[in-house]
Amino acid sequence: MPTTALQPIGVEVTGLDLATADDARIDELRTLLAEHGVVVVSGQEGLDDDGLAVLRRRVGDVLAAPERGGEALFGDRYRAYETLSSDIRMHLAGRTITDRAGAEHPLFRRHPDTGRTALHLVAPERGAEISGMDGGASRTTIGFLYEHATAADTAYRHTWRPGDVVLWDHDRVLHRETVVAP
């Protein structure tokens, strides 16, 4: 399975038909996902909605190229955490982030498989708040952290091509998608 590293996070796979991939190939994809956080598999024009549903059950988070194109952003939560200044990390240590739906998570969270610390963040428009901060300070801090986590040296921006399928590790990667308007 030929691969090409993407920058600053991810890997692209060519020469693989996801619709017919056996368990050994799926295991290889899982290994690539654990190592790189994002796996782009091109040339999947024949993979229909049912095939994508099966793939999601076998692998996890999956996106297929939208009909109208656009971009998807994949931010490396590890790198976002690791490149924060020690003062900021100390200031935010132990805090939680709560989104509009009421889901609460540690802002700095250990990955369940690797044990590495990641910046667990949601997009500012999801109305999140950080524990121990008033609304204004929360919004300002979340905006700063989101910009940091999606900066060019931290995030891979994927421009959709027909037949692209992208897999990502939700615990490691911050995902955001934009679709071209009709």
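Which residues lie nearest the centre of the largest pocket? Keep that in mind for a moment.

Ground rules. This is a predicted model, where local features need pLDDT of at least 70 and side-chain atom pairs count only at pLDDT 80 or more, while totals for chains, interfaces and linings use all residues. Residues are numbered from 1 along each chain as its sequence is written, and side-chain values use heavy atoms, with hydrogens and water left out.

How do we find space? Rolling a probe the size of a water molecule over the atoms shows where empty space is left. On a 1 Å grid over the protein atoms alone, a cavity is a set of points where a 1.4 Å probe fits but cannot get out. A pocket is an open set with protein on both sides within 12 Å along at least five of seven lines. Lining residues have an atom within 4 Å of a point. Points are joined across faces, edges and corners, and a volume is the space filled by probe spheres set on them.

Back to the largest pocket. Nearest its centre are Arg77, Leu121, Val122, Arg126 and His170, out of 15 lining residues. Its volume is about 230 Å³. Strand S13 (residues 173-178) gives the largest share of the lining, 4 residues. Strands (E, at least two residues) and helices (H or I, at least four) are DSSP runs, numbered from the N terminus.

Next, the second largest pocket, at about 170 Å³. It has 14 lining residues, with Arg30, Leu33, Ala34, Asp113 and Asp169 nearest its centre. Helix H1 (residues 23-36) gives the most, 3 residues.

And the cavity? The search finds 1 of 30 Å³ or more. The largest cavity holds about 40 Å³. Among the residues lining it are Arg77, Arg109 and Asp171.

Now H1 itself. Which of its residues are buried? They are Ile26, Leu29, Leu32 and Leu33. Buried means under 20% relative accessible area, exposed over 50%, partly exposed in between, with a 1.4 Å probe and protein chains only. Down the axis of H1, the buried residues fall within an arc of 115 degrees, so they line one face. That arc uses the directions from the helix axis to the C-beta atoms. The face turned away carries exposed Asp23 and Ala34.

Last point. After H1 comes glycine 37, with a positive phi near 80 degrees. Thanks.
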